[in-house]
Amino acid sequence: MAKITFVRRTGQQETVDAEMGTSVMEAALDNDIDEIVAECGGSMSCATCHVYVDDKDLGRLAPPSDTETAMLEGAAAPVKPSSRLSCQLTMTAGLDGITVFLPEEQY
Ligand code: FES
């Protein structure tokens with residue numbers, strides 16, 4: 001198991017356990033983090049699983065693929081250098097303790 005902390009717009013934090021190999025998006029859905037919509041179910045065709053990764057964790061992530069970067073351009077909330085699609089962030093021991101901030105909107 002690995003920990004993921006979701007930070008809501010209000011500043012409220014929720015830390016959840018995720019199985020290795022699951023995505024941050026799946027962990028959000030499993031734990032009723034409503035700000036993650038994930039309309040396409042993780043097939044990288046909706047951008048409604050947008051999150052902002054905490055700066056402290058950015059160096060632990062593989063860079064986004066060209067497809068992910070292109071999809072992020074369609075995200076409803078402003079795209080920042082820390083923007084990622086949470087369906088593309090797969091939990092490994094190296095990501096234990098990651099923090100992601102939830103955007104204002106997904107549509
Ligand atoms: S769930 Fe649709 S792009 Fe991530």
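User: Arginine 84 and glutamate 68: buried or exposed?
Analyst: Arginine 84 is buried, and glutamate 68 is buried as well. Keep in mind that this is a predicted model.
User: What do arginine 84 and glutamate 68 form, and how far apart are the closest N and O atoms?
Analyst: They form a salt bridge, and the closest N and O atoms are 2.8 Å apart. Arginine 84 sits in strand S4 (residues 83–85) while glutamate 68 is in helix H2 (residues 66–72), so this pair ties together parts that are 16 residues apart in sequence.
User: OK, how many salt bridges does the structure hold?
Analyst: There are 6.
User: Switching topic: which residue forms a salt bridge with lysine 56?
Analyst: Aspartate 57 does, with 2.8 Å between the closest N and O atoms. Aspartate 57 also forms a salt bridge with arginine 60, where the closest N and O atoms are 2.7 Å apart.
User: And what are the relative accessible areas there, say for aspartate 57 and arginine 60?
Analyst: Aspartate 57 has a relative accessible area of 1%, so it counts as buried. Arginine 60 comes out at 34%, which makes it partly exposed.
User: Why would such side chains pair in general?
Analyst: Side chains with opposite charges can pair when their charged atoms come close.

Terms used: Residues numbered from 1 in each chain as written. Predicted model: local features only at pLDDT ≥ 70, side-chain atom pairs only at ≥ 80, totals over all residues. Heavy atoms only, no water. Salt bridge = Lys/Arg side-chain N within 4 Å of Asp/Glu carboxyl O. Buried < 20%, exposed > 50% of the residue type's maximum accessible area, 1.4 Å probe, protein only. Helix = DSSP H or I, 4+ residues; strand = E, 2+ residues; numbered from the N terminus.
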